[in-house]
Amino acid sequence: MEEIRLSPLRQTSVKSSLSGRSTPRGTPRVYSGRTPRRGHGGGGAFQWFRSSRLVYWLLLITLWTYLGFYVQSRWAHDNESKVEFLRFGGRPRKDELYMEKIKGLDVVANENSEALVNITGKDDAGSNKRMDVSLIKKDDGVSRRSLSSKQKTRKTVRTSRSKIRVKQKVIKEVLETKDLDDEQDPQLPLTNATYGKLLGPFGSLEDKVLEWSPHRRSGTCDRKSDFKRLVWSRRFVLLFHELSMTGAPISMMELASELLSCGATVSAVVLSRRGGLMQELSRRRIKVVEDKGELSFKTAMKADLIIAGSAVCTSWIDQYMNHHPAGGSQIAWWIMENRREYFDRAKPVLDRVKMLIFLSESQSRQWLTWCEEEHIKLRSQPVIVPLSVNDELAFVAGIPSSLNTPTLSPEKMRVKRQILRESVRTELGITDSDMLVMSLSSINPTKGQLLLLESIALALSERGQESQRNHKGIIRKEKVSLSSKHRLRGSSRQMKSVSLTLDNGLRREKQELKVLLGSVGSKSNKVGYVKEMLSFLSNSGNLSKSVMWTPATTRVASLYSAADVYVTNSQGVGETFGRVTIEAMAYGLAVVGTDAGGTKEMVQHNMTGLLHSMGRSGNKELAHNLLYLLRNQDERLRLGSEGRKMVEKMYMKQHMYKRFVDVLVKCMRP
């Protein structure tokens with residue numbers, strides 16, 4: 001039988017006709033040279049993958065889950081991009097987002113400028129036009145309008161966007177102008193003979209003399225401390241009631257810096273952005289949550305611990321616990337006020353937070369007494385964590401700190417601080433023999449600056465009377481001795497020359513009492529109280545010649561270096577703690593304070609400072625203490641030296657964070 005030969009074209013037809021169930025058993029299969037044999041090579045795996053529906057479903061589920069988690073994560077952490085996510089990053093409505101932001105800024109603008117209100121009102125019509133244009137453009141795609149209509153729409157869109165840009169620029173300029181105006185009090189212009197001089201701040205001079213700047217600071221965390229071990233890789237939310245350059249906000253800012261330095265994640269929630277610390281927060285890379293509402297609550301829920309830094313934070317704490325009922329177990333409340341009105345504000349939520357933190361024993365006793373009166377039972381025993389001198393001030397003061405290096409040792413910093421002292425005093429126009437009395441705090445009745453001015457007036461008056469009595473007594477005594485000694489014709493001429501010599505000697509030895517008051521421009525200043533002080537100065541003769549003012553600033557090392565005496569004249573229940581008190585003591589200043597509150601705990605009378613009574617009844621005591629220190633320079637130096645030793649022993653950074661460990665152990669999530 002002849003062998004059958006098939007052409008390549010016939011092989012395919014034979015294969016197709018012999019494939020399937022109809023092919024008889026035992027019949028050999030003929031394979032095409034162009035088609036790979038099934039089961040050999042990589043084609044089989046691909047065919048199996050294509051035929052498996054389960055793999056498709058698993059891939060779809062995986063991709064959908066990943067996309068869901070990604071969108072949810074971005075939604076929770078990036079509030080500004082929520083609208084973009086809803087529109088999948090679309091750009092046609094981007095200018096409407098700008099309009100929403102501008103409308104939010106209009107609220108601020110309306111309070112400051114009528115012109116801006118008119119501008120924004122005009123552009124609101126433009127905003128409505130833009131919305132109409134968006135609707136027209138959408139309908140245009142459906143009805144397929146002519147090309148000329150589309151060109152008109154695009155032109156209107158461009159016009160609207162240009163208006164939005166102009167509006168944003170105007171609002172930005174107004175807000176920047178507002179911020180600059182807020183930095184200084186309009187009641188205290190730079191030149192005015194009524195109240196004295198406005199000098200400082202001396203940050204640039206400080207950098208030049210010390211050859212060091214806080215901008216160069218690096219991490220200050222003690223890597224071997226328990227504090228670092230507990231906060232490492234943990235998340236914290238710090239609650240600021242405002243951003244003024246006062247004790248509570250500055251202390252919270254430094255706590256945030258220390259947490260970041262020790263490896264923690266920190267988010268700051270700011271209830272009021274008034275003040276000048278926002279730039280400093282940015283410099284220290286402290287993240288500020290965009291709002292104080294829903295986004296701040298979501299951020300707080302993810303934190304291991306929330307630390308509120310003032311009794312003014314009551315409203316946020318209450319809202320957060322209403323939003324998250326178990327949130328009270330996350331909150332440690334560091335209360336830095338000691339007046340009854342703050343307690344009345346805070347009492348609705350005092351028993352709902354995990355722990356209260358106080359600054360001093362006197363403050364703790366006072367708040368616990370009020371809690372007993374109101375039948376408030378706290379969840380745990382309060383902890384006392386006093387404030388401390390930060391590393392930057394300790395470094396400039398010549399106290400060993402984490403910022404010291406071989407080239408900037410404490411000994412070398414003491415030499416530089418003396419040079420800084422001389423430079424700043426030259427800028428202030430005072431001599432080495434003068435005594436500079438300083439008081440840095442917000443200007444309001446509870447700080448007692450007006451009473452301090454009254455005491456200065458009494459001291460200067462008594463000083464003037466004493467000088468006149470001494471002057472007359474010396475001249476009378478010299479006249480008697482010279483007249484008995486010289487009976488010659490030229491004795492009167494000699495007496496005149498001797499009296500002039502004595503007068504010049506007294507003038508050379510005379511010590512002046514100078515006063516430096518801050519902080520001008522602080523958001524906590526009371527304008528009415530400032531005006532009352534200026535009125536007193538204008539009616540007090542030459543008192544203004546002895547008074548100088550300085551703006552609110554965080555660069556205070558130069559001021560402490562230049563001063564000789566620090567006065568804390570807090571009234572009412574006294575100072576809660578007095579951060580500036582321990583800072584002044586760290587610089588070796590003799591401290592004069594009221595006999596109440598936290599000042600009484602830090603200043604021991606005739607040991608580390610001098611105390612006086614509160615109110616106008618204490619003005620004479622304060623004036624007497626100032627004159628005593630003016631006459632006795634050695635005693636002034638002794639009190640300052642003893643105060644510095646106490647600060648080094650009790651109020652340095654390591655002491656504060658050692659106490660903070662107890663708070664972390666009891667309050668932080670495990």
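Trainee: Which residue is the bridge partner of F358 in β8?
Mentor: In this predicted model, F358 has I384 of β8 as its bridge partner.

Trainee: And how many bridges join strand β7 to β8?
Mentor: Strand β7, covering residues 355-358, is joined to β8 by two bridges, and the two strands run parallel.

Trainee: What is the order of the strands in the open sheet?
Mentor: The sheet has seven strands with parallel pairing, and their order reads β4-β3-β2-β5-β6-β7-β8.

Trainee: Which strands stand at the edges, then?
Mentor: Those are β4 (287-288) and β8 (383-384), and because each has a single partner strand, one side of each is left without a neighbour in the sheet.

Trainee: Switching to β5, how many bridges join strand β2 to it?
Mentor: There are four bridges between β5 and strand β2 (residues 235-240), which run parallel, and within that pairing F236 stands opposite L305 of β5.

Trainee: What about β5 and β6, in which sense do they pair?
Mentor: β5 pairs with strand β6, residues 331-334, in the parallel sense over three bridges, with I306 standing opposite I331 of β6.

Trainee: Which helix makes a β-α-β unit with β5 and β6?
Mentor: That is helix α13, residues 314-323, and the unit that it makes with β5 and β6 is right-handed.

Key
Residues are numbered from 1 along each chain as its sequence is written. This is a predicted model: local features need pLDDT of at least 70, side-chain atom pairs count only at pLDDT 80 or more; totals for chains, interfaces and linings use all residues. Side-chain values use heavy atoms; hydrogens and water are left out. Two strands pair if DSSP finds at least two bridges between them. A crossover is right-handed if, with the strands pointing away from the viewer, the path from the first strand over the helix to the second runs clockwise.
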